Amino acid sequence: MASKKNEDKIICSFCGEDYTDNPEVSVLESSSDPSLHICEKCLEKGFHLIQKSSEEILDIENEEPKENLTPIQIKEFLDQYVIGQEKAKQILSVATYNHMKLLEHYDNCQDDSVELQKANVLMVGQSGSGKTYLIQTLAKLFDVPYAICDSTALTASGYVGADVESVLQKLIINADGDIKRAERGIVFIDEIDKKASPNVESSSITRDVSGMDVQQALLKLIEGSVVDVPTSGRRLNPEGKNIQINTSKILFIVGGAFPGIEKIIKKRLNYKNKNSIGGFLIDDIDSKENKKAEYNEIIDKIIHEDFKNYGLIPEFLGRLPIICPLKELTEDEMCRILTEPKNALIKQYQALMEYDNIELDFDKQAIRAIAKKALDNKTGARGLRSIMEDVLLDIMYTAPDKVKAANHKCTLKITEKCITDNVKPELVVKKNRGGNPLNDAKFVF
């Protein structure tokens, strides 16, 4: 702090300005220490600073709770992370919005003349189309516990495997053991198409351990009831220690790839292939793209009857009133997945390589080659990471040592041939001496 150099000097202790001969500016003197002063200019700056901080605190306090987000706001949040799937995002935004209103109704409403019931969701989409990712993103937005379970591990009571109640066990664990919080969560049961019974129309005296019985066992969980959940293990033991959880406010989302269901839809619609003459398919260069466009057109027309014909029992379908179809991702959408979202893979790897002083650069052709390779492998969006890891493995293994030895920032450019022909990328060391760039040093991994 600045202070008076002598008793006749008046110097602001903050800005250091001398106001001894400037009576037009007001200066406050400290009551505890006469040598300390603050001018009116510094005082005004301090006031604005305090006012700004108060406004920021007020904004945080007045921030709209996540439970009060509208469907449009929910979709806008999903748009930051999920590319494409516009209809699916719209359906899920409305479904979760209504579910949050249901929770609010039971939390605050004193009028019991109206009883709201939840609307569970049935998702259908090919592997890698984003079913699981959508649910994870929604759970992140609303900060509710969620559980993602694979139905292939589930068996009906009395058989070796996991009881259907085990899906709630995972939800309780993710809610840190808080039953009340778990009762407001989201459960996603994937691969439900694996539990479809091919002979659903026919009655049989034998038990179907792989399909229909599991669907029957899931009914009481999904529709809403008080369920006994084992505290340990995956089997429900009547003599063991169990806890009770009410599922009436848990949102259940059931999903699966349902391969071949488009044929059932076509049969119902008496669909004629646009590229066929007399029942024979015309092969052309764009046949793959045509099939994808055809699937995306057909899947939007799916109804509950199609799932019934696929092998899901009517009672089970009755608990899943909302159908959410996901389309097959296009090459352009795959490219956008790599570059646009907040957690885009290329952004992630660029951030990781930055720690090693490496600037990672993918050209447009390389990005498109990665997308095309994932589509050819039929792995969907989840296959993008494995391709990226395969391309960058040697680089991530050797680069830290080589860059450290070079002692300069480096640029690594990934070209199309690095993806298609396994050509090793070049690491360019940007050398500088006295501010003048020298010839860049290059070496291949």
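Trainee: Is Lys 327 buried, partly exposed or exposed?
Mentor: Partly exposed; its relative accessible area is 33%. Keep in mind that this is a predicted model.

Trainee: Which residue does the Lys 327 side chain meet in a salt bridge?
Mentor: Asp 300, at 3.2 Å from N to O. Lys 327 sits in the loop between strand 11 and helix 12, and Asp 300 in the loop between helix 9 and helix 10, so the pair ties together parts 27 residues apart in sequence.

Trainee: What about Asp 300 and Lys 87, how far apart are the closest N and O atoms there?
Mentor: 3.9 Å, and that pair is a salt bridge too. With a cut-off of 4 Å, it counts. Lys 87 is in helix 3, 213 residues away from Asp 300.

Trainee: How accessible are Asp 300 and Lys 87?
Mentor: Asp 300 is partly exposed at 26%. Lys 87 is partly exposed as well, at 36%.

Trainee: How many salt bridges does the structure hold?
Mentor: 18. Among them is Asp 394 with Lys 424, with the closest N and O atoms 2.6 Å apart. Asp 394 belongs to helix 15, while Lys 424 is in the loop between helix 16 and strand 14, 30 residues apart. Both are partly exposed: Asp 394 at 36%, Lys 424 at 40%.

Trainee: Which residues are linked in a network of salt bridges?
Mentor: Lys 75, Asp 79, Glu 86 and Lys 89.

Trainee: Switching to helix 3. Is His 99 buried or exposed?
Mentor: Buried, at 4% relative accessibility. His 99 is found in helix 3. Leaving aside neighbours within four places in sequence, His 99 is in contact with Lys 118, Gly 185, Lys 249, Ile 250 and Leu 251.

Trainee: Now the inside. Which residues touch the most other members of the largest nonpolar core?
Mentor: Leu 122, Leu 168, Leu 218, Phe 258, Phe 307 and Phe 316, in a core of 42 residues. Helix 7 gives the most to this core, with 5 residues.

Trainee: What is Phe 258 in contact with, beyond its sequence neighbours within four places?
Mentor: The list includes Leu 122, Met 123, Val 124, Ile 192 and Asp 193. Phe 307, Tyr 310 and Leu 312 are on the list as well.

Trainee: Which residues does the second core include?
Mentor: Met 353, Val 391, Ile 395 and Cys 418 are among them. That core is separate and has 35 residues.

Trainee: Met 353 is in helix 13, then. Which residues of helix 13 are buried?
Mentor: Leu 345, Ile 346, Tyr 349 and Met 353. They cover an arc of only 95 degrees around the axis, so they are on the same side of helix 13.

Trainee: Last topic, backbone. What is phi at Gln 85?
Mentor: Near 50 degrees, a positive value in a residue other than glycine. Most residues other than glycine have a negative phi. Gln 85 lies in the loop between helix 2 and helix 3, and is buried at 7% relative accessible area.

Trainee: And what is phi at Asn 422?
Mentor: About 55 degrees, again positive and not a glycine. Asn 422 is in the loop between helix 16 and strand 14.

Trainee: Is Asn 422 buried or exposed?
Mentor: Exposed, at 56% relative accessibility. Gln 85, in contrast, is buried.

Terms used:
Residues numbered from 1 in each chain as written. Predicted model: local features only at pLDDT ≥ 70, side-chain atom pairs only at ≥ 80, totals over all residues. Heavy atoms only, no water. Helix = DSSP H or I, 4+ residues; strand = E, 2+ residues; numbered from the N terminus. Buried < 20%, exposed > 50% of the residue type's maximum accessible area, 1.4 Å probe, protein only. Contact = heavy atoms within 4.5 Å. Arc of directions from axis to C-beta. Core = buried A, V, L, I, M, F, W, Y, C linked by side-chain atoms within 4.5 Å.
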